[in-house]
Amino acid sequence: AKLLVIHGPNLNLLGEREPGIYGRTSLAAIDRALKGDAESHGHMLESLQSNAEHVLVDRLHAARGDGTDFIIINPAGLTHTSVVLRDAIAAVGLPFIEVHLSNPHAREAFRRQSYFSDLAMGVICGFGADSYRFAMEAALTWLDKRAA
Ligand code: DQA
């Protein structure tokens, strides 16, 4: 199967940005680990990070016709603001898991609102870089069951 990982704004600074909240692991290290996980199970994985909302929207639109089976997305700050990105992922109609490094429910009140959670297959947050690993495990389990 083909998995798509989408990282929203500011996540390019991972490892350097507020490490007390987001940890010291770089985005490149996270993407490398996810790719390794997917490939060891016989899947393909592509990752994209962008600080531009329209780039994320365009990538999601492309997923409609490029054979993508599953999406893992950390919309970052757009989680709490973007009707646009929500509409894009709804239009794609593919199963997805929403991921956050931090636990947005334990932070400022404005982070409790997500435009994605009610559409997501599930939400994993609060485990730092491991949130992505757990999301990948859930995705692999789902893909295995689908294939069975
Ligand atoms: C985040 C949480 C968001 O509230 C924040 O705006 C981010 C990162 C996380 O992964 O913890 O940029 O999505």
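Predicted model: local features only at pLDDT ≥ 70, side-chain atom pairs only at ≥ 80, totals over all residues.

Residues are numbered from 1 along each chain as its sequence is written.

Some terms come up throughout. Helices (H or I, at least four residues) and strands (E, at least two) are DSSP runs, numbered from the N terminus. A residue is buried if 20 or more other C-beta atoms lie within 10 Å of its own, exposed if 12 or fewer, and partly exposed in between; C-beta atoms are placed from the backbone.

Now the helix. α4 spans residues 83-92, and its buried residues are L85, A88 and I89. These sit on the same side of α4, because they cover an arc of only 90 degrees around the axis. The arc is taken from the directions that lead from the helix axis to the C-beta atoms. An α-helix has 3.6 residues a turn, so residues three or four places apart point the same way. The face turned away from the buried side carries V83 and A90, both exposed. After α4 comes G93, with a positive phi near 75 degrees.

I97 lies in β4. I97 counts as buried because it has 24 C-beta neighbours inside 10 Å. Setting aside neighbours within four places in sequence, I97 is in contact with I72, A120, M121, G122, I124, A135, A138 and A139. Contact means that two C-beta atoms, placed from the backbone, lie within 7 Å.

Three bridges join the two strands, which run parallel. Strands pair if DSSP finds at least two bridges between them. Here I73 stands opposite E98 of β4. On β3, five of five residues are buried. F70, I72 and N74 point one way, while I71 and I73 point the other. In a regular strand the side chains alternate between the two faces of the sheet. β1 is joined to β3 as well, by five bridges, and these two run parallel. H7 stands opposite N74 there.

Now the core. The largest nonpolar core has 36 residues, and those with the most contacts inside it are L3, I71, I72, V99, A135 and A139. Such a core is a set of buried Ala, Val, Leu, Ile, Met, Phe, Trp, Tyr and Cys residues joined through C-beta atoms within 7 Å. Elements that give two or more residues to this core include α4, α3, β3 and β4. The largest share, five residues, comes from α5.

Last, the ligand. Around the ligand are N10, N74, A76, G77, T79, H100, L101, S102, P104 and R111.

Note on methods:
Near = placed C-beta within 6 Å.
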